[in-house]
Amino acid sequence: MSGRPSRQAARRGMREARACVLGMLTVTATWPCFAGEHTVSQSEKQFSQEQITIKAGDTILFKNEDSVAHNLFSRSDGFKFNLKKQEPGTENAIPFESAGTAEVRCAIHPKMKLVVTVEP
Ligand SMILES: [Cu+2]
């Protein structure tokens, strides 16, 4: 027991190293380095901005920093999504894969509107 390097510890080290590499691969696959991430938050029943211009392949992280739930959706061609009920304090990432214009609205608060311009 004394003086000998623990094989178990060495094996554990290998396992941790492998898990780390796997983790890095997963992160890279989910967030390609060339895609940008933008954040738009909601508070006081408004978007933090009325308009945003991004590049195709970018992602917008919608953060509900409000005290009420929202239901963001888009019916724009090529950009259809519906987040359903988004509780306060939660966030959802939406990818915008192709160029065009998307109008993001809230089903609960009809005055909320965000125009997303996606450049090629
Ligand atoms: Cu809302």
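Modeller: The model is a predicted one, in which local features need pLDDT of at least 70 and side-chain atom pairs count only at pLDDT 80 or more, whereas totals for chains, interfaces and linings use all residues. Residues are numbered from 1 along each chain as its sequence is written. Strands (E, at least two residues) and helices (H or I, at least four residues) are DSSP runs numbered from the N terminus.

Two strands pair if DSSP finds at least two bridges between them. Strand S3 (residues 51–55) runs parallel to S9, with five bridges, and Ile54 is placed opposite Val118 of S9. Strand S8 (residues 100–106) is antiparallel to S9 and is joined to it by six bridges; here Glu103 has Val115 as its bridge partner. S8 and S9 also make a hairpin, with six residues between them.

A residue is buried if 20 or more other C-beta atoms lie within 10 Å of its own, exposed if 12 or fewer, and partly exposed in between, with C-beta atoms placed from the backbone. A nonpolar core is a set of buried Ala, Val, Leu, Ile, Met, Phe, Trp, Tyr and Cys residues joined through C-beta atoms within 7 Å. The largest such core has twelve residues, among them Leu114, Val116 and Val118. S4, S8 and S9 are the elements that give two or more residues to this core.

Ala102 is also one of the core residues. Two residues are in contact if their C-beta atoms, placed from the backbone, lie within 7 Å. Leaving aside residues up to four places away in sequence, Ala102 touches Ser74, Ser76, Phe79, Phe96, Val116 and Val118.

Val118 is likewise touched by Ala99, whose contacts, with the same exclusion of residues up to four places away in sequence, are Ala56, Val118, Glu119 and Pro120. Ala99 sits in the loop between S7 and S8. Ala99 is partly exposed because 14 other C-beta atoms lie within 10 Å. Ala56 is 43 residues from Ala99 in sequence, yet their C-alpha atoms are 5.4 Å apart.
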